[in-house]
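Dear colleague,

I am handing over the structure below, and after it I set out what was found in the model. Please read the notes with the coordinates open beside them.

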Amino acid sequence: MAKITSLNDLRKIKDELQQKIRLRENADSPEAMVQIRVGMATSGIASGAKEVFIFLVDELEKRNVDAVVTQTGDMGYSYAEPTIEVILPGKDPVVFGWVDVEKADEIIEKYIRGGELVEGIIPANYNTIDD
Amino acid sequence: MKEICENIIDIVNNSIVAGATKIEIEIGEEVAGDVLRISIKDNGKGIEPDQLQRISDPFFTSKAKRRIGMGTSLLKFHAELTGGEFSIQSEQGKGTRVDVRLGLTHIDRQPLGDLSGTLNMLLISNPEIHFIYHQYTDKGSFSFDSAEISDALGGLRLNHPEVRVVLNEFIQNNLDTLISDNGQM
């Protein structure tokens, strides 16, 4: 495929993309997706939350895990940054602290794919500090 | 913060918290003037005048539940460390504009970092926000408008995994054309 550098290039691959997305969305309902929120306030960013965010998005895609990864504000656990909240379909949210790339890898393999709890869980009683 | 990109994410997060629906980011490398310029402009609720005066104070924040706000003070510190400056203008109900000037070749200037990953992350994390991006160097310029991208893709969600891969390639290919001969940015 030619390099994608312009809006015209994006228009050319629109149909192919739409086809891929239709196939995927027919197979999975949104409720069946894993939801992950990465704490990206100043303390989270300074602790490496961006690398964790990008790793999660890339690896979940590579490992065929249907997930939505989004950023959120301060969860109130600056001492444990980077922090992420994971919601498995039908389960309560679980917040993990001290998440680097290695820990994120373990969370994907053990918790998300295997349903096994891993170290670093923080009680999920926070409110995002946006106000 | 190890990279300027991380400061950009932080400032953009402030815009999002301020309710912005449109955020414009501009990064400019001016070799002749030895300057790296960054500006971030939003249409959020703006900052109250008394808060604006204290915005770079690390022990001030507009947040009610936590009394420390390091984001803008860190960026100001980094800018001034390189002989540059930080300024912020805001009008309540209209929005806020942050302008940063850094010494391009100053030894204490942080690298820009993973700009492609940063832009991709902002787009997929905030598909409802209209992002306008512009970057220029002595090699040329690159701009995108998230609404135009979405339109070109037939209204597909920008945070869809399939779209994300394409977006990343689109941004990276264009950013690669802007790297200066001296490897700046």
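**Helix α3 of chain B and what follows**

After α3(B) comes Gly83(B), which has a positive phi near 80 degrees; helices (H or I, at least four residues) and strands (E, at least two) are DSSP runs numbered from the N terminus. The model is a predicted one, in which local features need pLDDT of at least 70 and side-chain atom pairs count only at pLDDT 80 or more, while totals for chains, interfaces and linings use all residues. Residues are numbered from 1 along each chain as its sequence is written, and chains are lettered from A and ligands numbered from 1 in the order in which they are written.

Helix α3 of chain B spans residues 71–81, and its buried residues are Gly71(B), Thr72(B), Leu75(B), Lys76(B) and Ala79(B) (buried means that 20 or more other C-beta atoms, placed from the backbone, lie within 10 Å of the residue's own; exposed means 12 or fewer, and partly exposed lies in between). These residues lie on the same side of α3(B) because they cover an arc of only 125 degrees around the axis, the arc being that of the directions from the helix axis to the C-beta atoms. Their cover includes α3 of chain A, together with α1 (4–17), β3 (85–91) and β4 (95–103) of chain B, where contact requires C-beta atoms, placed from the backbone, within 7 Å.

**The sheet of chain B**

Chain B has an open sheet of 6 strands in the order β3-β4-β2-β1-β5-β6, with mixed pairing (two strands pair if DSSP finds at least two bridges between them). β3 and β6 of chain B are the edge strands, each pairing on one side only, and the twist averages 5 degrees from one strand to the next. α1(B) packs on this sheet, touching β1, β2 (35–42) and β4 of chain B, and its direction makes about 20 degrees with that of β2(B); axes are lines fitted to C-alpha atoms, for helices over the stretch in contact, and angles run from 0 to 180 degrees between N-to-C directions.

β5(B) runs parallel to β1(B) (residues 22–30), the two being joined by 7 bridges, and Lys22(B) stands opposite His130(B). With β6(B) (residues 140–145), β5(B) pairs in the antiparallel sense over 6 bridges, and these two strands form a hairpin with 2 residues between them. In that pair Ile132(B) stands opposite Asp145(B), and Thr137(B) opposite Gly140(B).

Chain A has 5 helices and 5 strands, and 32% of its 131 residues are buried. The axes of α4(A) and α5(A) (residues 101–112) come within 9 Å and cross at roughly 35 degrees. In α4(A), Glu51(A), Val52(A), Phe55(A), Leu56(A), Glu59(A) and Leu60(A) meet Val101(A), Ala104(A), Asp105(A) and Ile108(A) in α5(A).

The contact between the chains takes 29 residues from chain A and 32 residues from chain B. On the side of chain A that touches chain B, α1 (7–12), α2 (14–27), α3 (42–46), α4 (49–62) and β2 (67–72) each supply at least two residues.

With kind regards

How values were computed: Two residues are in contact if their C-beta atoms, placed from the backbone, lie within 7 Å.
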